[in-house]
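I opened a notebook for this structure and looked things up one at a time. The entries follow in the order I made them.

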Amino acid sequence: QCKIIPYYIQEDLNNVRSYLTLQEDLDNVRLYLTICDHAQDAIQDSVPETEYHVLDGGSLLHRIPWKNGESYGDIAQSYADFTIRHYGSATTVVFDGYDEGPSIKDNTYERRGQNIHPIVGFTAATEFTGKKEEFLSRDVNKQRLIQMISDELRERDCTVVNALGDADVDIVKAAVEASRLHTTTLIGEDTDLLVLLLYYAQGDTMALYFKSDRTKPDGSFKVYDINRLKDILGHDLCSQLLFIHAMTGFDTTSRIFGVGKKSAFQKLVKGDPVLQSCANAFTILNQTTQIIEDLGCQVMSFLFGGKHADSLETMRYNIFSKKVVSSSSFVTPERLPPTESATKLHFRRVYYQIMVWMGMEEGMDAMKWGWKLLDNCFVPLMSRMNAAPDSLLQVIHCNCSTACKTLHCSCRRYG
């Protein structure tokens with residue numbers, strides 16, 4: 001038994017995802033609010049006079065209710081009418097693209113239950129029936145409707161950008177570019193947009209604002225002066241935010257159990273040298289996988305209270321031993337630091353995502369940076385190690401009467 005325990009805690013027998021769970025929306029909100037808490041002078045309660053608007057098309061799709069029986073052409077026109085009515089024709093709308101190739105967001109789409117509802121064949125005259133959310137959950141449906149909406153917007157002299165994939169960077173770049181000549185407001189609801197705006201904002205442009213397209217129940221809202229916010233936070237911190245946001249959980253990276261965005265950001269604000277140096281290194285092009293893995297293990301050790309020379313394996317074993325002695329119940333693996341194998345792959349994905357945000361991913365192979373290709377989809381490679389020794393796995397079994405195909409199965413082939 002003494003020989004088994006050190007190996008056993010190298011990997012989570014339930015699932016490595018217990019350590020690096022997918023990001024929570026609440027954690028994004030906390031980061032959003034924490035950033036703003038450090039710069040209250042950059043927040044307003046009213047929309048300043050704005051000459052130009054940039055809209056997040058993905059957010060726009062969910063703003064207008066649909067009625068059963070109205071045609072898809074009428075639905076497309078309603079989006080164009082809404083845009084003109086609220087923002088005028090001096091507007092750029094940027095939509096996500098949904099091609100058939102593999103994407104590093106494939107795992108997120110699967111988790112959210114996308115692409116499980118039927119593909120709908122429709123024209124502008126076809127009447128809509130069913131549920132809007134189910135229709136939009138299918139990429140093919142969404143892409144065809146976006147094309148209809150785009151045509152209607154262009155007929156009303158709006159500028160439309162159809163991104164090849166995720167549109168966040170294109171949305172932010174469109175807003176920054178517009179602010180060179182006009183006071184500009186970006187309308188969206190995503191924390192990712194705020195982080196990217198702070199990175200891309202030039203500071204020497206016309207005023208650039210960020211406003212959520214959703215109001216609070218009392219009708220109030222906040223408007224963020226991006227140039228002012230960046231001045232207060234500083235250029236370096238705004239660049240390092242990319243690392244904090246990706247490391248603590250994004251659509252393409254996992255959330256670290258017990259480590260929130262708020263606490264990581266606060267450590268960065270306090271000037272922690274480990275986080276600062278690693279955050280800076282992750283924004284440098286052409287880093288090797290070895291450098292990224294070494295820095296990632298160093299950061300993970302620090303986040304769990306380790307010292308510079310502490311290895312994750314040693315920390316896991318020591319923490320596990322202490323918890324076994326003091327705990328009156330089973331010690332859940334997610335309470336331990338992640339394994340070194342899972343950590344290295346996690347930080348490979350973090351680095352790749354940062355390069356995507358910076359527009360420097362050309363020539364990089366996602367399969368070298370933490371993903372594998374399965375059924376034409378990129379799936380995160382969670383670990384390169386077995387969950388436990390083969391001799392132990394052979395005596396562990398589930399109670400399935402048929403093949404182990406459901407998530408309810410406890411079979412170790414899934415863990």
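**Entry 1: G188**

I began with G188, which sits in the loop between β6 (184–187) and α9. The model I am reading is a predicted one.

Is G188 buried or exposed? I found a relative accessibility of 0% for G188, so the residue counts as buried.

I then looked up what surrounds G188. Leaving aside neighbours within four places in sequence, I listed D56, L193, F210, K211, S212 and D213 as the residues in contact with G188. I also checked S59, which is 129 residues from G188 along the chain. The C-alpha atoms of G188 and S59 are separated by 6.3 Å.

**Entry 2: the chain as a whole**

I stepped back to the whole chain and counted 17 helices and 11 strands. The chain has 415 residues, and buried residues make up 50% of them.

**Entry 3: α9 and α10**

Helix α9 covers residues 191–200 and helix α10 covers residues 226–233. Their axes come within 9 Å and cross at roughly 75 degrees. An angle from 65 to 115 degrees counts as roughly perpendicular, and α9 and α10 are therefore roughly perpendicular to each other.

I noted which residues make the contact. From α9 they are L194, L197, L198, Y199 and Y200, and from α10 they are I226, L229, K230 and L233.

An α-helix has 3.6 residues a turn, so residues three or four places apart point the same way.

**Entry 4: α11 and α13**

At what angle do α11 and α13 pack? I read an angle of about 95 degrees, with the axes 8 Å apart. That makes α11 roughly perpendicular to α13. Helix α13 covers residues 273–281.

On the α11 side I listed Q240, F243 and M247. These residues meet L275, Q276, C278, A279 and N280 in α13.

I turned to helix α16, residues 340–358, which has 19 residues. From its first C-alpha to its last, α16 reaches 27 Å, close to the 27 Å expected at 1.5 Å a residue. I found α16 mostly covered, with 16 of its 19 residues buried. G359 follows α16, and the phi of G359 is positive, near 75 degrees.

Helix α14 (residues 289–303) packs against α16 at an angle of about 115 degrees, with the axes 8 Å apart. That makes α14 roughly perpendicular to α16. I recorded the crossing of α14 and α16 as right-handed.

The contact uses T289, I292, E293, G296, C297, V299 and M300 of α14. From α16 it uses E340, T343, K344, H346, F347, R348 and Y351.

**Entry 5: salt bridges**

How many salt bridges does a search of the whole structure find? I got nine. Side chains of opposite charge can pair when their charged atoms come close. I wrote up some of the pairs.

K222 forms a salt bridge with D45, and their closest N and O atoms are 2.8 Å apart. K222 lies in the loop between β7 (208–211) and β8 (223–225), and D45 in the loop between β2 (43–44) and β3 (52–56), so the pair ties together parts that are 177 residues apart in sequence. K222 is partly exposed, with a relative accessible area of 33%. D45 counts as exposed at 55% relative accessibility.

K105 forms a salt bridge with D251, with the closest N and O atoms 3.1 Å apart. This pair links distant parts of the chain, 146 residues apart. K105 is in the loop between β4 (91–95) and α5 (106–111), and D251 is in the loop between α11 (235–247) and β9 (254–256).

Are K105 and D251 buried or exposed? Buried means under 20% relative accessible area. K105 is at 8%, so I put it down as buried, and D251 is buried too, at 9%.

E177 forms a salt bridge with R180, the closest N and O atoms being 3.1 Å apart. I noted E177 as partly exposed at 49% relative accessibility and R180 as partly exposed with a relative accessible area of 45%.

Terms used:
Residues numbered from 1 in each chain as written. Predicted model: local features only at pLDDT ≥ 70, side-chain atom pairs only at ≥ 80, totals over all residues. Heavy atoms only, no water. Helix = DSSP H or I, 4+ residues; strand = E, 2+ residues; numbered from the N terminus. Expected span 1.5 Å × (residues − 1). Buried < 20%, exposed > 50% of the residue type's maximum accessible area, 1.4 Å probe, protein only. Salt bridge = Lys/Arg side-chain N within 4 Å of Asp/Glu carboxyl O. Axes fitted to C-alpha atoms, helices over the stretch in contact; angles between N-to-C directions. Parallel < 35°, antiparallel > 145°, perpendicular 65-115°, else oblique. Left-handed = near helix turned anticlockwise from the far one by under 90°. Contact = heavy atoms within 4.5 Å.
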